[in-house]
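Subject: Structure handover and notes

Dear colleague,

Please find the structure below, with the sequence alongside. My notes come after it.

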Amino acid sequence: MKEKTMKLLGKCKALRIYVDEDLKWHNQLLYRAIVEKLLNSGLAGATVFKGIEGFGSSAHIHSSRILEITENLPVMVEVIDASKQIIKALNAVEPMLPKHCLVTVQDVRVLHYHAPKGGQRGRRN
């Protein structure tokens with residue numbers, strides 16, 4: 001993958017994809033597969049947030065409370081990048097998304113983003 005210089009300031013977009021933590025894509029956790037697809041698509045970065053409790057279209061509460069046995073917690077993959085890159089990201093991950101997920105895009109203003117010069121970007125084990 002080619003190194004690119006990141007200039008991510010001012011008007012950008014935030015993409016958020018909400019899925020269940022236990023969903024799979026080709027024998028891999030879906031959220032992990034989405035992050036890898038985003039990395040390979042050249043996005044500025046992605047972060048996965050794991051919810052401790054929530055509910056969605058199933059109207060069933062998923063919780064991480066010790067007394068409740070569940071491993072199907074909500075996760076959110078968030079990407080912030082230029083509008084053009086967010087459209088690219090959506091096109092890349094759309095075939096991976098299940099019918100019961102939530103995807104949002106909103107305008108954001110980036111005040112600070114530091115990308116190391118000559119630093120290595122790529123896969124982390």
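The model is predicted: local features need pLDDT of at least 70 and side-chain atom pairs count only at pLDDT 80 or more, while totals for chains, interfaces and linings use all residues. Residues are numbered from 1 along each chain as its sequence is written, and side-chain values use heavy atoms, with hydrogens and water left out.

Core

The largest nonpolar core has 16 residues. Such a core is a set of buried Ala, Val, Leu, Ile, Met, Phe, Trp, Tyr and Cys residues joined through side-chain atoms within 4.5 Å. Buried means under 20% relative accessible area, exposed over 50%, and partly exposed in between, with a 1.4 Å probe and protein chains only. The members that touch the most others are I17, I34 and L38. At least two residues of this core come from each of β1 (10-20), α1 (30-40), β7 (74-81) and α2 (83-93). Helices (H or I, at least four residues) and strands (E, at least two) are DSSP runs, numbered from the N terminus. The most is given by α1, with four residues. In soluble globular proteins, nonpolar side chains tend to be buried together.

Beyond residues up to four places away in sequence, I17 touches I34, V75, M76, V77, V93, L97, L102 and V103. Contact here means heavy atoms within 4.5 Å.

Strand pairing

Six of the eight residues of β7 are buried, so this strand is mostly covered. Strands β1 and β7 pair in the antiparallel sense over eight bridges, where pairing requires that DSSP finds at least two bridges between two strands. V48 stands opposite V77 of β7.

Salt bridges

How many salt bridges does the model have? The count is three, taking a salt bridge as a side-chain nitrogen of Lys or Arg within 4 Å of a carboxyl oxygen of Asp or Glu.

- D107 and K13 meet at 2.4 Å, N to O. D107 is in strand β8 (residues 102-110) and K13 in strand β1, 94 residues apart. D107 is exposed, at 58% relative accessible area, and K13 is partly exposed, at 23%.
- R16 and E78 meet at 2.5 Å, N to O. R16 lies in strand β1 and E78 in strand β7, so the pair ties together parts that are 62 residues apart in sequence. R16 counts as buried at 18% relative accessibility, and E78 counts as buried at 15%.
- E21 and K50 meet at 3.0 Å, N to O. E21 sits in the loop between β1 and β2 (24-25), K50 in strand β4, and the two are 29 residues apart. E21 is buried, with a relative accessible area of 12%, whereas K50 counts as exposed at 53%.

A residue of α1

K37 lies in helix α1 and is partly exposed, at 35% relative accessibility. Leaving aside neighbours within four places in sequence, K37 is in contact with A92, V93 and M96. The C-alpha atoms of K37 and A89 are separated by 8.3 Å, and these residues are 52 apart along the chain.

Regards
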